[in-house]
Amino acid sequence: MEEVRKLSRRDLLRQSVALGTVFVMGTGFIAAPNAAWAVEVKHLKPQTMATLIQMARDIYPHDHVGDEYYAKAVKGYDSADAMAGVEAGVEALDAVAAGRGYGNYLSIGWERDRVDILRSMEQSPFFQQIRGGLIVGLYNQEAVWPMFGYEGESFSKGGYINRGFNDINWV
Amino acid sequence: MAKFDMNDDNVVVIIGTGAGGGVLANELAQKGVKVVAFEAGGRHLPEDYVNDEWGSFAQISWLDTRTTSGNFRLAKDFSGLPSWIVKAVGGSTIHWAGASLRFQEHEWKARTTYGDVQGASLLDWPIDGEELAPYYSKAEEKLRVTRTGDREGLPGNNNYKVFEAGAKKLGYKDVHTGRMAINSRDYDDYAACQQTGFCFQGCKWGAKWSSAYHDIPLGEATGNLEVRENAQALKIEHDDTGKVTGVLYADKDGNQHLQKARIVCVAGNSVESPRLLLNSASNMFPDGLANSSGQVGRNYMRHMTGSVYAVFDQPVRMWRGTTMAGIITDESRHDPSRGFVGGYEMETLSIGLPFMAAFLDPGSWGREFATALDSYENMAGMWLVGEDMPQETNRITLNHDIKDQHGLPTPNVHFDDHPNDVAMRNHAYQQGMAIYDAMGATRAFPTPPYPSTHNMGTNRMSEKPRDGVVNRWGQSHDVKNLFVSDGSQFTTGAAENPTLTIVALAIRQADRIASEMSKGNI
Ligand SMILES: Cc1cc2nc3c(=O)[nH]c(=O)nc-3n(C[C@H](O)[C@H](O)[C@H](O)COP(=O)(O)OP(=O)(O)OC[C@H]3O[C@@H](n4cnc5c(N)ncnc54)[C@H](O)[C@@H]3O)c2cc1C
Ligand code: SF4
């Protein structure tokens, strides 16, 4: 994973602020609390990227899939072209959260309360852009396939003719 | 390999090299007829195919702009991709699963059998099963269809075993691993199926029939067939007597050329074929070529389709092995007591995780959706495919507001579900879910249609010129040296997957064209 890189826990703890399930570092990185991965943000505010990651997880919540895969799925929005639209979208999301008495989207504790907010803006182009992008951005990552049991490419292994195409044992 | 001159007006020009065009090209070449076949896409052979759903999609799909309208759910879910068609030498026979079924006798006579169904433009075919039987046999030989001739069936995979056991619990009788255009043993050219499970992405073993690596190279080997790839036909030209004289096409750099022709055969699949005829309008034929009936582009059919996926408490791993691994034909009969006319087939189907995310319930999100995918490994799946009602208003028209890369109007696909289609789909969902319930499913998903893989009917065959576009030979009622050679000539769609019938009609049409040419009639 090129954009999502490893860094040491010491680097991370030196200067960072916890936000949702990730840390935002002052240096333009956001990272996992255990320093397992970090993603550099060049255009978006780190807080915006952290919100996108949470939003991605709330849209397609897979508890056995780590944040780094969601980070990778939304990493493409950290571009000069996408920046303005995404900042505005997250601002709108935070405004709805504020209207409901929360500090911002990321500060909401329960998934159901965040999802309520997403439902209320489900028809917005911003929501549809993020949701639509995740279909390929998240589920087409080869690295997540094994987490769903999916085995991917099989030609190079000779197909399944000798590897269990009919090995079901409960029928 | 043959190369014909642009001014050679003795060649037969075929537009499209898929199931219809690819087979017709080879069959004519075998008889010594000179053929130039245009193919809008490039050439991709088994070594190029990738075991990767989106990678393959990007490699070979027809992605030119199309628009949609009508009440069918695809207009909302996939408004820019109403149909799923390949743009490559071999056409959609690269993608296809290989299910190869003959029509049932009554399906050739849909109007007579089903009566006057309100809102439907049903018509009997001008031909019947007896007439097509010898050509069906030839097609089954060519495609090496399992469970026909002396060919064995394929072994059942995990997905099939769940399906078969559930079907038997429900009392279904006619359940087997299908009649598939997939090698059930090794042949000299290609091996038996290795159960790799990426049939939709092009078979890397060549075990599944495709005109890309069967009919096209066989035709080329005769020296009578030139395939011009990356060459898109734009317009069919005609003379003052109304006979077609050649085809204007664009090469890969967008430069336009005119290839002269003695006969033109259109086989671009049921969206592009009528579009080409409509785009060939002239002073003499202001409503489009071959369109005195006004039927070009109408009666678009896509089959009643839907899928049922279900989750079990134990793994299935449905993606292992043939994508379409078995069939139940009990529901394909015509039995109006079920609340609809015509019937449907139930066929196992598996898609990988990437496509499942896109197709299981398009637009849906949240935990309900995510937990369904969490159980992907424990899923089994089937596809439901039945006869849909032709309707005059379901049609391909030209969208003059949106032009393609060659400056031509793009096709709009309009489709409203007929009440009969809806009733049949609901019945099929119930039965599909019952099969999996019987096997202890913990959850089931009645999944909506995918972008249309079976596209039919937009240049339909009719006895009378006023009812359709082509006659019993696929020959235009209006222009005698113009033929339609793909699924767009279907009068009605029947319950069966269409390709075996497209291939049988192409073999028969080749006989006809060759004999009419030698008699000097065309
Ligand atoms: C995923 C999938 C699974 C399927 N499974 C089955 C199955 O199991 N059984 C079955 O019976 N059917 C199946 N089908 C359907 C089957 O592929 C089609 O019915 C069949 O290929 C249609 O044949 P055709 O000749 O009408 O068109 P195609 O095979 O689509 O060929 C049309 C060709 O014409 C070319 N073309 C179009 N316009 C132009 C132009 N203007 N100039 C030059 N070239 C042009 C296209 O690029 C294409 O190569 C499946 C289809 C898909 C997509
Ligand atoms: S399952 Fe069989 S037919 Fe399908 S792609 Fe694999 S080898 Fe080919």
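## Surroundings of ligand 2

A residue is taken to be near a molecule if one of its heavy atoms lies within 4 Å of it. In this predicted model, ligand 2 is surrounded on that basis by residues of chain B, among them the run Cys193(B), Gln194(B), Gln195(B), Thr196(B), Gly197(B), Phe198(B) and Cys199(B). The shell also takes in Ile182(B), Cys203(B), Trp205(B), Lys208(B) and Thr322(B). By class, six residues of the shell around ligand 2 are nonpolar, five are polar and one is charged.

A polar backbone atom of Gly20(B) is 2.8 Å from an oxygen atom of ligand 1, and a backbone N or O atom of Val86(B) lies 3.5 Å from an oxygen atom of the ligand. The side chain of Thr499(B), by contrast, places an N or O atom 2.8 Å from a nitrogen atom of ligand 1. Taken alone, ligand 1 exposes 990 Å², and the protein buries 98% of that area.

## The interface of chain A and chain B

The size of an interface is often given as the accessible area lost when the parts come together. Chain A and chain B bury about 3600 Å² between them, with 62% of this area on carbon and sulfur atoms. In terms of residues, 40 of chain A are in contact with 41 of chain B.

The rule for polar contacts finds 25 residue pairs across the interface of chain A and chain B, with both residues at pLDDT 80 or more. On the side of chain A that touches chain B, helix H2 (46-59), helix H5 (111-120) and helix H6 (125-139) of chain A each supply at least two residues. H6(A) gives the most to this side, with five residues. By class, the side of chain A that touches chain B has 19 nonpolar, eleven polar and ten charged residues.

## Salt bridges

Over all chains, the rule counts 38 salt bridges, and it finds four across the interface of chain A and chain B. Arg367(B) takes part in a salt bridge with Asp63(A), in which the side chains meet at 3.1 Å, N to O. Arg367(B) also forms a salt bridge with Glu111(A), where the closest N and O atoms are 2.6 Å apart. Because Arg367(B) lies in helix H10 (residues 367-374) of chain B and Glu111(A) in helix H5 of chain A, this pair joins two chains.

Technical notes:
Residues are numbered from 1 along each chain as its sequence is written. Chains are lettered from A and ligands numbered from 1 in the order in which they are written. This is a predicted model: local features need pLDDT of at least 70, side-chain atom pairs count only at pLDDT 80 or more; totals for chains, interfaces and linings use all residues. Side-chain values use heavy atoms; hydrogens and water are left out. Ala, Val, Leu, Ile, Met, Phe, Trp, Tyr, Cys and Pro count as nonpolar, Asp, Glu, Lys and Arg as charged, and the others, Gly among them, as polar. Contact means heavy atoms within 4.5 Å. Buried area is the accessible area (1.4 Å probe) that two parts lose on being put together, summed over both. A polar contact is a pair of N or O atoms within 3.5 Å; within protein, one must be able to donate a hydrogen and the other to accept it, and residues adjacent in sequence count only if both atoms are side-chain atoms. Helices (H or I, at least four residues) and strands (E, at least two) are DSSP runs, numbered from the N terminus. Accessible areas come from the Shrake-Rupley method with a 1.4 Å probe; for residues, only the protein chains shown count as cover.
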